Amino acid sequence: MAAILNRYPLTFINSINSRGNGLWIDPETDTTTIRPKGGFGGIGGQYAKPVALANVRAFRQRLRADIGIIGTGGVTTGRDAYELILCGANLVSLGSVLATEGVGAFSRLTTELKAEMAKKGYSRVDEFRGQLNTL
Ligand SMILES: Cc1cc2nc3c(=O)[nH]c(=O)nc-3n(C[C@H](O)[C@H](O)[C@H](O)COP(=O)(O)O)c2cc1C
């Protein structure tokens, strides 16, 4: 995929979208919660984060340096945003948490991200972007 994308004048890509296919059932009502399509659809939220981290990192290692990456998938805390940036994300987007928490999630996550950065001794995101340690 990266080899194909590298042939085009792209500014950003987004990785990932929801993971399919999934079905989620409300335990109180035994009703599917994903709509439309009767519960047959994509899964976002915390289940998506490991896949998002891996794909953002894999794209960062393979895409042209001038193509930015919007990291998406499973971000519910500032630490999640931090981890996507650590894997190479230039921007981080929110999906499910906006649906459950509303726009207040932006300020909460910003505060949490700043706290995580302070804990690690960083004042700017470009100090740790793509700096994942590996064994
Ligand atoms: C309510 C809702 C609606 C969405 N609608 C779309 C859509 O129309 N097109 C699309 O490509 N992704 C859509 N998504 C997927 C999100 O953009 C995002 O890629 C996905 O939910 C993973 O991020 P998350 O783990 O933060 O939810 C939607 C997600 C949610 C929660």
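Reader: Which residue follows H3, and what is its phi?
Author: H3 is followed by Gly 88, which has a positive phi, near 120 degrees. Helices (H or I, at least four residues) and strands (E, at least two) are DSSP runs, numbered from the N terminus. This is a predicted model, in which local features need pLDDT of at least 70 and side-chain atom pairs count only at pLDDT 80 or more, while totals for chains, interfaces and linings use all residues. Residues are numbered from 1 along each chain as its sequence is written, and side-chain values use heavy atoms, with hydrogens and water left out.

Reader: ok, and how many residues of H3 are buried?
Author: Eight of its nine, so H3 is mostly covered, where buried means under 20% relative accessible area, exposed over 50% and partly exposed in between (1.4 Å probe, protein chains only). Among the buried ones are Gly 78, Asp 80 and Tyr 82.

Reader: What do the buried residues of H3 pack against?
Author: They pack against H2, E6, strand E7 (91–93) and helix H5 (104–120). Contact here means heavy atoms within 4.5 Å.

Reader: Switching to H2. Which of its residues are buried?
Author: Lys 49, Ala 52, Leu 53, Val 56 and Phe 59. They sit on the same side of H2, because they cover an arc of only 140 degrees around the axis; the arc is that of the directions from the helix axis to the C-beta atoms. An α-helix has 3.6 residues a turn, so residues three or four places apart point the same way. On the other side of H2, Pro 50, Gln 61 and Arg 62 are exposed.

Reader: What about Phe 59, what is it in contact with?
Author: Leaving aside neighbours within four places in sequence, Phe 59 is in contact with Met 1, Ala 2, Leu 5, Ile 13, Ser 15 and Ile 69.

Reader: last one: which residues have the most contacts inside the largest nonpolar core?
Author: Ile 13, Phe 59, Leu 63 and Leu 84, in a core of 21 residues. A nonpolar core is a set of buried Ala, Val, Leu, Ile, Met, Phe, Trp, Tyr and Cys residues joined through side-chain atoms within 4.5 Å. H2 gives the most to this core, with four residues.
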